[in-house]
Amino acid sequence: MSRRVLLHVGCPKTGTSYFQDVLFRNQQVLREHDLLYPADRFDAHFLAALDLMTLPWGGIETEAVGAWDRLAAEVREWHGTAIISHEIFARATPTQVERALASLGDAEVHLVLSVRDLVRQVPAEWQENVKHRSHITYAAFLRTIRDPARDSRIGSWFWAVQEIPDILERWGSSLPPERVHLVTLPPPGADRGELWRRFSRTFGLDGLPLDLTAERENPSLGVPETSLLRTINERVTSVISPPDYRPLVRETLAHQTLSRSTSSPRLGLAPADHAWARELSQRWIEVLAQRGYDVVGSLDDLLGPDAVPFADPDAATADELLPPALDAITALLVEGARLRAVEERLHRELREAHEELERARATTAFRARRKVVTTLENSPAGRGSLDAYRRLRGRKG
Amino acid sequence: MHGWVAHLRAGGTTPWLAWTDAATGPGTDATTAPAPSGRALPGAQQLELLRRINVARQSGAQPRGDHDRERTRLADRVLAAPAAGRGKADLPLVGAATGGFGAQPVDPATVSAHELLRVASTLLADDLVALGPDRVRRGVPRPWRHRFRLVGDPLVGAAAREHLLGRGRPEGGPLAFVVAVGGPIDELLAHTWTQRCFEHGSKPWAAWLRFWRERDQLPARVDLDDSIRRWGGRRPHVRVVTDLAQLPPHVGVRRLPEVRVPGADQAELARRIAAVVGIRVPVGERPALMRTLQKRMPDSGVAPVVVPAAEQDWVASSAARMTRALTRAGYPVVGDLADLAPHASDATGLSGHGGADDRQVLELAIRMIVDPGWRTGRERMVQR
């Protein structure tokens with residue numbers, strides 16, 4: 001039975017992809033140090049989260065059947081420390097949290113929440129929505145999440161995975177505060193290794209010989225690039241299914257093409273929205289300070305950076321959209337050419353298989369047999385005779 | 001609030017606001033009564049659904065063998081059931097103590113039918129998984145049977161295929177005739193979406209239609225010409241059947257059972273259930289479970305989905321295009337290719353998009369939760 005379980009439940013857009021990738025690629029090293037990160041595929045804990053929360057996700061959920069129970073069983077059987085990590089666990093309801101914690105047995109559970117200031121999270125979440133087929137404008141997104149009713153799908157999801165005091169209430173209310181660890185993201189401009197050092201300290205990874213190469217990240221997009229992607233979504237969301245959208249739009253366009261442009265302005269908040277985010281963050285900081293959690297970093301990190309000049313993605317001009325649009329067309333043509341090559345290779349293989357079959361059938365004996373079968377299949381009596389013959393031959397093996 | 005939960009678990013039907021009014025009267029303190037089991041409190045969706053289930057139980061349709069233990073077990077299942085999908089998380093109740101964060105508290109009576117259906121579909125999916133698939137009757141294959149491959153209308157095809165399998169006439173075999181079952185194309189679209197709901201699930205009706213209209217394509221099973229070519233059909237071993245009365249001899253029998261077209265509410269509920277079943281059982285097991293549901297789901301009298309008027313132009317042009325393709329291909333036709341032209345169906349009782357209203361779907365879901373007859377009875381015989 002695990003002695004300790006470190007349960008990392010969020011938040012999205014806090015460096016979780018990189019962290020999970022390091023854990024996934026270093027499973028063997030971790031095991032040698034009594035640390036378990038049980039995952040047979042990179043997204044194993046994502047699937048477990050979908051299963052725990054009964055969350056259909058564009059068809060991927062069909063690969064998640066029983067994933068939580070399997071994960072929990074592996075964790076229970078481990079003799080040392082086990083790590084579970086996925087950011088969408090943040091959305092779990094109290095009933096689901098109760099089930100999750102109960103299924104971890106008697107292990108000492110530590111809850112970990114990595115958190116970033118709202119000033120950066122709000123634009124990042126809008127980008128994430130756009131990368132998941134949404135074509136909501138930035139202004140409409142901000143109106144939606146600032147609506148206290150949280151009545152929309154986007155609003156309810158945003159706060160379920162970003163409202164830090166609420167997530168900690170749902171996940172941490174049954175744990176002593178010293179077992180709830182809040183990892184804050186360093187402010188912009190901080191040393192790139194600082195976030196890893198905070199994760200490493202929290203999860204007890206200091207000193208382990210881990211391969212920290214960044215193989216998998218969730219890169220952000222610039223303002224015109226996000227605006228272009230949103231415009232594309234307006235056209236394609238209704239005609240491209242999620243299984244096609246993921247490789248063609250999110251991977252090929254967003255991650256592999258549009259995210260390469262590092263010179264574009266980054267998305268931020270307009271002054272009024274910045275002030276609102278700061279004020280809300282300040283209230284959260286006060287509440288979190290009172291709760292006495294273990295903070296790795298500083299609660300002040302949650303206040304967010306000062307306002308910077310705002311580039312409005314809803315007002316991006318055709319001139320600004322043209323360069324990323326040309327990049328997108330180029331990338332899709334290259335991808336189209338690659339797929340054509342794959343199609344051509346498959347056709348060639350099929351043609352060769354047909355030719356081989358035809359050669360095998362080109363004998364006089366085969367042609368005679370085929371003539372007999374065709375004639376017999378044209379009458380009920382013939383079909384009966386053939387069936388009887390086939391059964392007889394089948395029985396004789 | 002725990003007091004209201006206990007009230008509902010005991011079969012109570014008092015709405016939350018009426019309960020709190022009574023509880024704040026002199027000498028009562030029901031809103032702060034201790035939790036009956038110490039478990040996490042459910043959301044407004046689960047509580048309101050349970051209340052409506054209790055109302056339905058009281059208002060007639062009492063299930064056979066009803067007793068307290070069964071009622072409490074059902075209540076606990078409802079309270080623990082998650083609301084499936086990426087909608088709202090569990091909603092707190094207005095007037096109940098909260099930590100000041102999280103979703104805004106609501107009066108459960110105002111929770112939409114859509115939200116209640118998210119919980120109800122989880123319960124029904126779990127019931128279906130527990131029930132397991134009905135056994136499919138397979139007759140001993142008749143050696144002299146007519147070889148056929150059915151394509152086209154999936155509702156007709158699924159019903160005929162199963163009937164014929166039971167009669168020892170499985171589909172396929174060497175040199176099989178490709179029998180393409182057609183009909184008015186708007187009906188074909190409606191049947192195809194409906195059958196998808198009872199297989200792997202689908203997008204909502206309106207979104208599904210929009211998907212195909214904006215692509216200006218037809219779904220694989222509606223496009224008869226493409227279906228015939230996909231199955232390697234060549235003249236003269238092809239029949240395009242638009243007159244269903246003449247279909248039986250082309251699959252080697254004298255008659256076929258009448259096809260029951262599920263109502264729009266049944267299809268929509270099945271669609272939602274299929275989404276949850278997909279996360280409960282391996283993907284290959286879902287169609288058999290959903291076919292079981294199709295045969296056992298109680299009728300409600302709601303009409304099947306219809307193509308709304310706004311889509312009729314596209315549907316008509318698609319029908320004309322398909323008719324031209326079939327004519328050019330020169331396949332033998334049983335009936336008349338003119339029958340592929342759409343005929344506007346009656347949309348009485350349906351919503352503007354030609355599908356079911358969420359309230360109709362919820363009504364059916366609650367009926368199925370309250371009355372387990374669809375699970376405990378033998379499968380319904382649909383032959384008429």
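Which residue in strand 2 of chain B is the bridge partner of Arg149(B)? The views below are taken from a predicted model, and the first of them gives the answer.

**View 1. Strand 1 and strand 2 of chain B run parallel and are joined by 5 bridges.** The bridge partner of Arg149(B) is Val178(B) in strand 2 of chain B. Strand 2 of chain B covers residues 177–181, and strand 1 of chain B covers 148–152. Helix 6 of chain B, residues 154–166, packs on the sheet and touches both strand 1 and strand 2 of chain B. The direction of helix 6 of chain B makes about 155° with that of strand 1 of chain B.

**View 2. Chain B holds an open sheet of 4 strands in the order 1-2-3-4.** The pairing in this sheet is parallel. Strand 1 (148–152) and strand 4 (333–334) of chain B are the edge strands, each of which pairs on one side only.

**View 3. Helix 10 of chain B packs against helix 13 of chain B at an angle of about 75°.** Helix 10 spans residues 264–277 and helix 13 spans residues 358–370, with their axes 9 Å apart. Because of this angle, helix 10 of chain B is roughly perpendicular to helix 13 of chain B. On the side of helix 10 of chain B, the contact is made by Asp265(B), Gln266(B), Glu268(B) and Leu269(B). Helix 13 of chain B contributes Gln360(B), Val361(B), Leu364(B) and Ala365(B). By class, the residues of this contact are 4 nonpolar, 2 polar and 2 charged.

**View 4. Chain B is assigned two domains, domain 1 (2–101) and domain 2 (148–376).** The centres of domain 1 and domain 2 of chain B, taken over C-alpha atoms, are separated by 40 Å. Each domain of chain B gives 8 residues to the contact between them. On the side of domain 1 of chain B that touches domain 2 of chain B, 5 residues are nonpolar, 1 is polar and 2 are charged.

**View 5. Chain A meets chain B through 37 residues of chain A and 37 residues of chain B.** Several helices of chain A each supply at least two residues of the side that touches chain B, among them helix 3 (44–52), helix 5 (94–102) and helix 8 (153–162). Helix 9 (164–172) and helix 15 (364–377) of chain A also each supply at least two. The largest share of this side of chain A, 6 residues, comes from helix 16 of chain A, which spans 380–395. The side of chain A that touches chain B divides into 16 nonpolar, 9 polar and 12 charged residues.

Terms used
Residues are numbered from 1 along each chain as its sequence is written. Chains are lettered from A and ligands numbered from 1 in the order in which they are written. This is a predicted model: local features need pLDDT of at least 70, side-chain atom pairs count only at pLDDT 80 or more; totals for chains, interfaces and linings use all residues. Axes are lines fitted to C-alpha atoms, for helices over the stretch in contact, and angles run from 0 to 180 degrees between N-to-C directions. Angles under 35 degrees count as roughly parallel, over 145 as roughly antiparallel, 65 to 115 as roughly perpendicular and the rest as oblique. Two residues are in contact if their C-beta atoms, placed from the backbone, lie within 7 Å. Ala, Val, Leu, Ile, Met, Phe, Trp, Tyr, Cys and Pro count as nonpolar, Asp, Glu, Lys and Arg as charged, and the others, Gly among them, as polar. Domain bounds come from an automatic or database domain assignment. Two strands pair if DSSP finds at least two bridges between them.
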